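Student: Could we go through the ring contacts in this protein together? I would like to learn how to read them.

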Amino acid sequence: MRLTCMFSFILLFGAAGLVVFIHLQDPEEIVHQQTPGIKYNMGFQQPKKDCVSSNNQDRRLRKNTADGVATVKQDDSLHLSEDVPTKLQSTDRRQSSIMFAMKDQQKGEEMNSIRLHKRRRRFIIKKSPILISMNSSILNLPTLKSEDRNNSKWKSLYQIQRERKRIMRETCSKYKSNNRRIITPYHVSRIFVEDKYRVLYCEVPKAGCSNWKRVLMVLNGLASSTKDIQHNTVHYGNYLKRLDGFDHKGIYHRLNTYTKMLFIREPFEKLVSAFRDKFEHPNNYYHPVFGKAIISRYRVNATKEALRTGSGVKFKEFIQYLLDVHRPVGMDIHWDHVNRLCSPCLIDYDFVGKFESMEDDANFFLHLIGAPQNLTFPKFKDRHSNEERTTTKITQQYFAQLSPSQRQRSYDFYYMDYLMFNYSKPFEDLY
C-alpha cells in the first residue's frame, strides 16, 4: 500500500513538472528544434528574411571567397517551400546567451570550412575534367603589317591561310555539330604553350613536330639555336608546358588570346612515315607493345622469335590492325586522326600549315608572330637522317601491297582528315 502511494506521487509530480516545462517553453524554440528546411503550419509566425541558417552563412562566405573558377553548389537539403523560415529569432535570454557563448566557436568553424573548401576546390580543378565553354578566338588570323601588304609572297600565303580556314570551318559545320562547343582538358592535351610570343601549337606526329618543338624552345629562351637541341631533349626533357597543365582560367585565357596553330600532312604519307619509323627500325617500345600483338593476331604460322620480339611487322599486317574494330592493342598518336588529336572543330585555329609546304608556311608564321629574324624553321631530318624522307612515291609503293578493298577502307578511315584539310584522293580507284 505504501509503495503504491509513493509510485502514484512520483507520477503526479512528473506530470506536473512536464506541464510547467511546456508552459514556460518559448514556441519559437520549439520550431527551431524541428528538422530544418521543412515548413510548419504555425500561422502567427513570420519568416525572418534577414536571418539565415549557419549552413547558408557558410555558403555565402564560400561564394564570396571563390575566385570565379569554382561554382558553389546548391544546398542538398529538401525544400518543400521557398519561403521556409530557416532560423527564427528568439527572445529567450538563455538562447541569446548560448548564441553569444558559441560566437567564437562558429567563427572558427566557418574559417576551417572556408579553408577546407579552398583545398577541395583546388583538388577538383587539378584532377577532375573541367568543362570550358569555348567561344570563337579573338585572333581569327594574325593580320599583315602595313609594310607587308605590298609583298606579293606574304599576300599569297595570307590568302592561302584564309582559304584553308574556310574549308576547315565549312567541313566542321557540315559534318560536326557545333551546338555544344565544350572543351575538356583532354581536347588540349596535345597543345604546347609558348608564353613569350603567345603561341599554342598542337602537336601532330610525323608532320614536323620535333622541329616545331625546337623552334618553341628557342622562342622561349631555352636554347640559342635549334641545332643545339637533341631529339631526346625535345621529346623527353619536359621543357615545354602543355595547355592541360593550366587551371580553368589559364586554359580559357590562352585559348582566346594566343595564336593557335597546327601543321598537318597528307594522311597516307604520314601513316607510312610512322610505320617506317616505328617498325622498320629497332624500337624497344613499339615492337614489344604493338609488334607482338599485331604478329600474334594477323600472321599465320608466326615464328617463336617473331612472337617473342615483335620485330618485323609487315605493312599489310599493320593495316589489318589499323582497320580492325577489335584491334588487339589501342591506337597511337602517330597514326591517329588529326581530327582527334587537335579537335579543329572545337578549337578555332588561327593558322593551319602543311608539311608539303613547310618552309614557306613555317617562316610565314614566324614572321606573323614577330619572331627574331635569324630564327628559321630547321630543315634537317630529326631521326634516321641517312634514310630518304617518306614521299608520295614511297607511299604509293607501300599501299601497292594492299588490296583495293584495304586501300578504300584506309581512305575511309582518314576521310575526315582528307576532307577537312583539302587533300586529293591518293589513288584514282578510290571513291
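**Rings and charges**

Tutor: Let's start with a charge: the charged end of Arg 254 sits over the ring of Phe 246, 3.9 Å from its centre. "Over a ring" asks for NZ of Lys or CZ of Arg within 6 Å of the ring centre and within 35 degrees of the ring normal. This is a predicted model, where local features need pLDDT of at least 70, side-chain atom pairs need pLDDT 80 or more, and totals for chains, interfaces and linings use all residues. Residues are numbered from 1 along each chain as its sequence is written, and side-chain values use heavy atoms, without hydrogens and water.

Student: Which ring does the charged end of Lys 354 sit over?

Tutor: Look for the ring whose centre is 4.3 Å from that charged end. The ring belongs to Tyr 423.

Student: What kind of aromatic pair do Trp 212 and Phe 377 form?

Tutor: Rings of Phe, Tyr and Trp (its six-membered ring) pair if their centres lie within 6.5 Å; planes under 30 degrees apart are stacked, over 60 edge-to-face, and the rest tilted. Here the centres are 5.0 Å apart and the planes make 55 degrees. The pair is therefore tilted.

Student: Is Tyr 415 buried, partly exposed or exposed?

Tutor: Buried means under 20% relative accessible area, exposed over 50%, and partly exposed in between (1.4 Å probe, protein chains only). Tyr 415 has a relative accessible area of 31%, so Tyr 415 is partly exposed.

Student: How many aromatic pairs does the structure hold?

Tutor: Trp 212 and Phe 377 form one of them. The total for the structure is 33.
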